[in-house]
Amino acid sequence: MTFEKKILCIGAGYVGGPTMAMIAAKCPHCRVTVVDINPERIAAWNSDDLPIYEPGLDELVRVTRNRNLFFSTEIERGIRENDIIFVSVNTPTKSFGLGAGMAADLQHWEKTARQILEFSETSKIVIEKSTLPVKTALAMERILNCRQNGICFDVLSNPEFLAEGTAIRDLERPDRILIGSRNTERGLKARQTLADIYANWVPPERIITSGIWSSELSKLVSNAFLAQRISSINAISALCEKAEADVVEVSRAVGMDSRIGPKFLNASIGFGGSCFKKDILNLVYLCRYYGLEEVAHYWENVVKINDYQQERFVRNMMGAMFNTLAGKGICLWGFAFKANTGDTRESPAIFIARRLLEEQAEVVVSDPKALQNARSDLADMEGRVRFEEDPVSAAEGCHAIALLTEWDLYRGLDFQKIFQSMAQPAFIFDGRNILDHQRCFDIGFNVYPVGKPPLRHF
Ligand code: NAD
Ligand code: UGA
């Protein structure tokens with residue numbers, strides 16, 4: 001079969017895999033190949049046990065794989081044979097040298113650019129899918145256009161806005177698709193080529209275009225604004241606990257103002273995930289680089305409040321449990337950074353588990369999808385943590401349950417049975433405010449929500 005367009009994606013991760021599966025599903029006339037340096041990851045994409053858990057992904061891959069969607073480790077061949085190249089390699093926070101702990105580590109990114117240059121035999125459109133510091137496209141252009149052999153590369157920015165756990169829905173019905181390009185004849189033509197791909201299923205008014213730097217920056221700013229809302233409501237949750245107000249009531253009242261809106265106002269143990277913290281730090285680094293100390297400081301506080309909220313949760317547990325956790329069994333319900341994913345990157349659960357272990361608590365971790373990742377996150381604590389998939393058995397004999405991920409399954413458990421199996425007095429710390437607190441209290445639990453007065457029996 002001949003395909004109209006040949007598309008490559010370098011990086012078969014949480015973004016590359018689902019995004020390309022959606023393009024393949026919606027564009028049967030395109031051949032989509034996803035390559036990665038990690039052979040185990042590619043083998044998993046080619047198996048029945050995909051490397052990531054995401055609702056709806058299995059079905060999408062089942063209908064497209066080996067039809068017009070292919071997973072491979074042959075990067076060189078992929079570059080040679082395709083005309084449109086998405087790059088969705090990881091861009092973590094730099095852990096060494098200048099900008100360590102703040103700036104984006106662009107080594108995977110630059111390596112990819114050099115490989116594209118080395119193996120290309122024809123002109124290509126190269127698309128930034130990874131989240132990158134503003135002006136990365138300029139560096140990309142400089143690397144790519146350093147060989148004078150008639151081959152041209154047009155660099156576009158097309159940031160991804162999907163959220164884990166809802167990735168397939170987000171990809172199928174995106175709020176917007178953003179394409180940033182150079183305002184030149186070639187740049188605009190490349191932009192149209194990419195827009196035509198999305199036009200196969202995204203309404204035209206949702207495909208928006210901009211300059212390339214605006215596009216790169218819009219991605220960082222979107223994540224910063226989302227995270228800022230969470231830090232705002234979490235900061236208010238601390239005040240609610242002191243003032244005997246209820247943060248759920250406050251966020252409902254505030255969110256009904258149509259200028260503010262109701263989403264992303266759930267108080268919690270803090271945001272996790274691979275991107276919010278990294279992207280805000282990246283933004284902070286950029287501001288400092290341009291000498292904008294006040295702006296940097298403003299955004300940095302979003303991360304500081306998030307760290308504070310996690311520590312506050314542990315301190316509240318300590319305070320409630322008579323200022324000592326040593327030798328006490330504490331069961332964690334949920335380890336993923338949010339529900340409906342097995343991803344634990346930057347999950348507040350990692351910090352909380354480690355702090356509880358520091359206090360010499362006996363920690364039991366339970367999660368329906370993230371236990372494998374949890375084991376590797378706490379590998380250095382081997383022997384000190386127990387892992388148990390079933391939340392009811394996990395809580396048995398414990399003094400407290402700390403609900404850290406908002407998995408639906410926790411709402412419908414037999415709390416009477418759980419209470420009876422626990423050490424007394426039994427505590428529930430609901431880090432997501434999803435349980436029926438009054439019911440748990442009536443059963444006998446001492447209940448500590450986030451941003452609400454606790455329900456205590458003493
Ligand atoms: P990931 O770590 O899951 O996947 C990245 C993949 O790139 C890995 O499999 C890695 O092996 C591969 N890779 C690295 N260097 C390579 C190279 N030189 N050649 C081939 N493959 C290489 O990361 P992710 O979560 O998919 O994120 C990718 C980018 O997308 C990041 O910049 C991230 O900020 C951004 N992003 C992520 C999400 C999300 O929900 N995870 C959402 C939007 C944007
Ligand atoms: C986030 C953004 O929502 C995506 O648009 C973006 O593409 C992505 O980051 C990225 O660039 O990686 P994601 O991190 O997958 O997506 O998930 P979110 O739903 O944003 O949740 C992030 C964290 O915030 C989770 O720990 C979640 O539990 C927490 N959260 C979210 C709250 O604590 N309260 C809320 O009201 C909402």
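Me: What is 2.8 Å from an oxygen atom of ligand 2, on the side-chain side?
Reply: In this predicted model, an N or O atom in the side chain of Asn223 is 2.8 Å from an oxygen atom of ligand 2.

Me: And how much of ligand 2 does the protein cover?
Reply: On its own ligand 2 has 700 Å² of accessible area, and the protein covers 90% of that.

Me: Which backbone atoms come up around ligand 2?
Reply: A backbone N or O atom of Phe161 lies 2.7 Å from an oxygen atom of ligand 2, and a polar backbone atom of Glu164 is 2.8 Å from an oxygen atom of ligand 2.

Me: Which residues come nearest to ligand 2, and what classes make up its shell?
Reply: Of the 20 residues around ligand 2, the nearest are Phe161, Leu162, Ser268, Cys275 and Arg432, while by class the shell has 11 nonpolar, 4 polar and 5 charged residues.

Me: Which helix gives the largest share of that shell?
Reply: That is helix α9, residues 212-243, which contributes 4 residues to the shell around ligand 2.

Me: OK, on to ligand 1: which residues come nearest there?
Reply: There are 27 residues around ligand 1, and Asp36, Arg41, Thr91, Glu164 and Lys278 come nearest.

Me: How does the shell around ligand 1 divide by class?
Reply: It divides into 8 nonpolar, 12 polar and 7 charged residues, and the largest share of that shell, 3 residues, comes from helix α5 (residues 107-119).

Me: Switching topic, what is the strand order in the open sheet of 6 strands?
Reply: The order is β11-β10-β9-β12-β13-β14, with parallel pairing. Strands β11 (385-387) and β14 (446-449) stand at the edges with a single partner strand each, so one side of each has no neighbour in the sheet. From one strand to the next, the twist averages 20°.

Me: How many bridges join β13 to β14, and which residue in β14 is the bridge partner of Phe429?
Reply: Strand β13 (residues 427-430) is joined to β14 by 4 bridges, and the two run parallel; the bridge partner of Phe429 in β14 is Tyr448.

Key
Residues are numbered from 1 along each chain as its sequence is written. Chains are lettered from A and ligands numbered from 1 in the order in which they are written. This is a predicted model: local features need pLDDT of at least 70, side-chain atom pairs count only at pLDDT 80 or more; totals for chains, interfaces and linings use all residues. Side-chain values use heavy atoms; hydrogens and water are left out. A residue is near a molecule or strand if one of its heavy atoms lies within 4 Å of it. Ala, Val, Leu, Ile, Met, Phe, Trp, Tyr, Cys and Pro count as nonpolar, Asp, Glu, Lys and Arg as charged, and the others, Gly among them, as polar. A polar contact is a pair of N or O atoms within 3.5 Å; within protein, one must be able to donate a hydrogen and the other to accept it, and residues adjacent in sequence count only if both atoms are side-chain atoms. Accessible areas come from the Shrake-Rupley method with a 1.4 Å probe; for residues, only the protein chains shown count as cover. Two strands pair if DSSP finds at least two bridges between them. Axes are lines fitted to C-alpha atoms, for helices over the stretch in contact, and angles run from 0 to 180 degrees between N-to-C directions.
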